Amino acid sequence: MENYRRVVVTGMGAISPVGKGVEENWKNLVDGVNGIDKITLFDTSDFKAKLDGEVKDFNPRDYMDKSDVLKSDRYAQFAIAAASEAVGMSGIIGNVDPERLAVYFGTGIGGMATFVKEHNTLIKRGPTRVSPFFVPMMIANMASGMISIRYNAQGPSMPAVTACASGTNAIGEAMRLIRHGYADAVITGGSEAAICECGVAGFINMQALSTADDRNSASLPFDRRRSGFVIAEGGAALILEEYEHAKKRNAKIYAELVGYGSTCDAYHITAPRSDAEGARRAMSQALSEANYDKEDSVYINAHGTGTPLNDKTETLAIKHALGEEEAKKAIISSTKSMTGHMLGAAGALEAIVSIKVLESGIIPPTINLLEHDEECDLDYAPLKAVKRDITLSLSNSLGFGGHNGCLAFRRI
Amino acid sequence: MDEKTIFDAIKETVIERTDANEDDIKMESTFRELGIDSLDTVELLMNLEDKLDVTIEVDRKLETVKDLVDFIAAL
């Protein structure tokens with residue numbers, strides 16, 4: 001990729017079930033803190049799944065004025081919370097031409113809870129009572145729109161809406177914007193807030209969710225006992241910046257985004273291809289752009305949802321992408337064992353984890369991984385964080401619709 | 001309905017929806033000054049309908065708090 005402009009990370013922000021802010025998230029992920037607990041956002045009496053990963057004590061007023069809080073869905077509020085931390089950390093505002101500042105921010109769904117609430121209003125009180133903010137609150141591009149407004153980012157502004165790959169696709173597409181000269185910096189990432197009755201009921205009936213009662217045996221990536229994911233919420237943001245632009249303003253550079261792969265299984269609306277070729281090709285593209293070498297010490301933040309199919313298929317994809325021997329040498333973890341599955345925000349938080357791994361040489365664990373599965377036979381950093389110097393850090397995301405995304409980071 | 005009841009309901013609603021202080025909201029205040037745009041006005045009127053138990057169908061431009069007080073008082 002020598003002919004393209006280089007893309008680096010100059011800011012990060014995160015809000016998740018394990019913490020507010022990048023530092024708290026990272027500390028808790030390294031310590032193996034489990035962010036999963038009982039659903040408090042609605043009454044689960046009639047629901048088979050009763051656990052989730054909620055952002056605890058979230059007060060949108062910490063990030064936005066009252067008027068904006070009242071006209072934004074929780075998913076957009078998480079996006080603003082994450083973006084404001086990342087923007088603050090980067091110092092980019094005032095140091096970039098507003099027309100060269102873009103926003104690509106993903107969400108799997110958008111404002112589902114707003115949709116349900118206003119539909120209930122329609123049924124109970126009639127069409128004159130549906131909020132004028134229903135549409136702008138619910139639409140999946142509004143997180144991007146609101147971030148652009150807040151930071152006067154007048155370049156391209158779009159969401160990526162590729163289910164659980166949304167965060168990763170947003171970041172990857174943002175990288176291409178900079179590479180190909182359409183922007184000098186991009187506020188990118190993903191957010192999600194789909195923990196509402198209708199969302200959870202839909203996922204339960206897809207048989208996608210774990211119905212475990214015990215918070216320590218619900219999100220079980222790569223474990224033989226795994227039976228579905230635990231739905232979670234939150235937001236995470238990165239500031240991507242063209243390398244020379246960042247250097248010129250003496251910005252702190254956290255990592256270089258050196259590769260991106262994006263493919264589709266073109267196979268089934270929810271199930272992955274059994275030969276894992278879609279995911280494998282996404283990984284291979286990212287590895288190729290990153291000039292992967294067998295000498296590399298590789299970390300992979302797996303998609304690792306804890307569904308029976310995902311984890312064994314993803315394991316196969318990793319083996320096919322790296323080769324069996326190299327796959328066995330790589331260290332992998334699923335931080336979803338601690339956060340649950342933040343859907344469209346997952347890839348963005350996991351990109352941050354991948355960067356922190358490079359920076360610190362610490363691999364956050366896959367907690368509660370106790371029972372070996374012969375179809376998941378790689379090193380998933382079970383139970384406790386381990387130290388290892390990593391030269392190439394990957395983050396996989398695989399979404400309903402067959403969307404596969406992979407990001408590759410290196411130290412600079 | 002008397003003007004004070006209407007004014008107080010408007011003031012309460014504006015405070016619920018914005019960061020405006022009670023003292024900022026006067027009869028001559030424009031909605032624009034209070035940070036209320038046209039979409040906000042629609043929601044504000046819905047809230048007022050509930051508070052005052054009236055149906056408000058605005059057929060003219062209401063720029064100030066007084067415009068709205070007068071409009072509702074005349075219903």
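Biologist: Which domains is chain A divided into?

Modeller: Chain A is divided into domain 1 (8-248) and domain 2 (259-410); the bounds come from an automatic or database domain assignment. This is a predicted model, where local features need pLDDT of at least 70, side-chain atom pairs count only at pLDDT 80 or more, and totals for chains, interfaces and linings use all residues. Residues are numbered from 1 along each chain as its sequence is written, and chains are lettered from A and ligands numbered from 1 in the order in which they are written.

Biologist: Thanks! How many residues of domain 1 of chain A are in contact with domain 2?

Modeller: 63 residues of domain 1 of chain A are in contact with 56 residues of domain 2 of chain A. In contact means that the C-beta atoms, placed from the backbone, lie within 7 Å.

Biologist: And which element gives the most to that side of domain 1?

Modeller: That's α7(A), with 7 residues. Helices here are DSSP runs of H or I with at least four residues, strands are runs of E with at least two, and both are numbered from the N terminus. Other elements giving two or more residues include β1 (7-16) and β8 (234-242) of chain A.

Biologist: New topic: which residues touch the most other members of the largest nonpolar core?

Modeller: A:Val186 and A:Leu240, in a core of 131 residues. A nonpolar core is a set of buried Ala, Val, Leu, Ile, Met, Phe, Trp, Tyr and Cys residues joined through C-beta atoms within 7 Å. Buried means 20 or more other C-beta atoms within 10 Å of a residue's own, exposed means 12 or fewer, and partly exposed is in between, with C-beta atoms placed from the backbone.

Biologist: Where does this core lie relative to the two domains?

Modeller: Domain 1 and domain 2 of chain A both give residues to this core, so it lies between them.

Biologist: Now chain B. Which residues of α1(B) are buried?

Modeller: B:Ile6, B:Ile10, B:Thr13, B:Val14 and B:Arg17.

Biologist: What do they pack against?

Modeller: They pack against α2 (66-70) of chain A, along with α2 (38-52) and α3 (65-73) of chain B.

Biologist: And which exposed residues does the face turned away carry?

Modeller: B:Lys4 and B:Glu16 are the exposed residues there.

Technical notes. Two residues are in contact if their C-beta atoms, placed from the backbone, lie within 7 Å.
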